[in-house]
Amino acid sequence: MAGTSTAHPLVLSDERMASRISSVRFTVRIAGSWQWTTHPGDTGQGDLAMLARAHLRRQAAGILCQHSVLDLAAAHDAINSSLAQRGFPMPGLEVSGMAELSVAAADRALAEEHARRQQAADLEHGEELHRLAQLQRVLADPDLRRVWWIAQFPDRFNDLDSLAQALKGLPAPQEAQDDDLRGDIRRFTDDLVTTLHTPQQREVFVQALVQTLTALGHQRLATAAVLRRRPHDPGSTPA
């Protein structure tokens with residue numbers, strides 16, 4: 001029957017382990033223990049303390065490379081959640097531990113500089129996307145496109161037809177909050193309402209909409225549609 005040996009303590013001090021930014025490192029101290037849980041008479045397993053240290057070092061490095069030194073609390077919680085669970089680097093060898101983290105001033109300064117540069121790059125990227133979206137909106141609208149072209153190239157008005165041909169089918173940019181279905185429905189509705197030129201056409205559309213919503217069981221929406229019909233619109237009937 002397998003026996004369980006006494007736990008042996010081990011310590012890893014001042015280990016330097018890479019953070020999410022490989023050149024920025026945590027300083028790590030790990031206090032752990034190991035024990036051999038199989039038959040006491042087994043031999044030829046090598047230096048078990050060395051295997052245990054290598055296991056804890058590997059575990060800690062795998063966790064810390066996902067974290068920033070600027071968020072020390074999150075890194076501390078993550079590494080100890082992992083190390084506190086018993087690990088088995090090989091059958092019969094049980095290892096666990098707890099870690100203390102610190103960050104040298106130089107590493108913190110490097111991380112802060114990297115964060116500033118990343119933030120600046122994100123802002124620049126966002127501004128460029130906004131500029132391109134605005135340009136797309138202008139180029140997708142024939143009237144705005146004509147004004148923009150005249151302002152940009154007043155001596156090349158005859159080239160506008162070539163530009164319009166090249167941009168044929170260019171859609172206006174979708175609003176960020178629209179998913180594909182919501183955007184498609186909104187554009188279809190806008191096009192539909194635009195084609196309803198007379199009050200009589202609008203009245204027929206509203207009546208069909210109310211009937212559809214009622215049939216689907218959306219009575220609240222149907223009521224709202226009725227209330228939004230203005231009584232003074234030509235062709236509408238009093239509620």
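This report walks through the salt bridges and the strand pairing of the structure above.

## About the model

This is a predicted model, in which local features need pLDDT of at least 70, side-chain atom pairs count only at pLDDT 80 or more, and totals for chains, interfaces and linings use all residues. Residues are numbered from 1 along each chain as its sequence is written, and side-chain values use heavy atoms, with hydrogens and water left out.

## Salt bridges

Let's begin with the charged side chains. A salt bridge here is a side-chain nitrogen of Lys or Arg within 4 Å of a carboxyl oxygen of Asp or Glu, and the model has eight of them by this rule. One of them joins Asp 107 to Arg 16, with 2.8 Å between the closest N and O atoms. This pair links distant parts of the chain, 91 residues apart: Asp 107 sits in helix 3 (residues 105-140) and Arg 16 in strand 1 (residues 8-18). Helices (H or I, at least four residues) and strands (E, at least two) are DSSP runs, numbered from the N terminus.

How covered are the two partners? Burial is judged by relative accessible area: buried is under 20%, exposed is over 50%, and partly exposed lies in between (1.4 Å probe, protein chains only). Asp 107 counts as buried because its relative accessibility is 5%, whereas Arg 16, at 42%, counts as partly exposed.

## Pairs within helices

Helix 3 also holds Arg 131 and Glu 128, three residues apart, or about one turn of the helix. Their side chains meet in a salt bridge at 2.9 Å, N to O. Arg 131 is partly exposed at 46%, and Glu 128 is partly exposed at 36%.

Helix 4 (residues 142-152) has Arg 146 and Asp 143 three residues apart, so about one helical turn separates them. The closest N and O atoms of this salt bridge are 3.5 Å apart. Here Arg 146 is partly exposed at 38%, while Asp 143 is exposed at 52%. Elsewhere, Glu 113, Arg 116 and Arg 117 are linked in a network of salt bridges.

## Strand 4 and its partners

Now to the strands, where two count as paired if DSSP finds at least two bridges between them. Strand 4 (residues 93-102) is mostly covered, with seven of its ten residues buried. Strand 2 (residues 25-36) runs antiparallel to strand 4 over ten bridges, and Trp 36 has Leu 93 as its bridge partner.

Strand 3 (residues 87-90) also pairs with strand 4 in the antiparallel sense, over two bridges. Gly 87 stands opposite Val 95. Strands 3 and 4 form a hairpin with two residues between them, and Gly 92 in the turn has a positive phi of about 100°.
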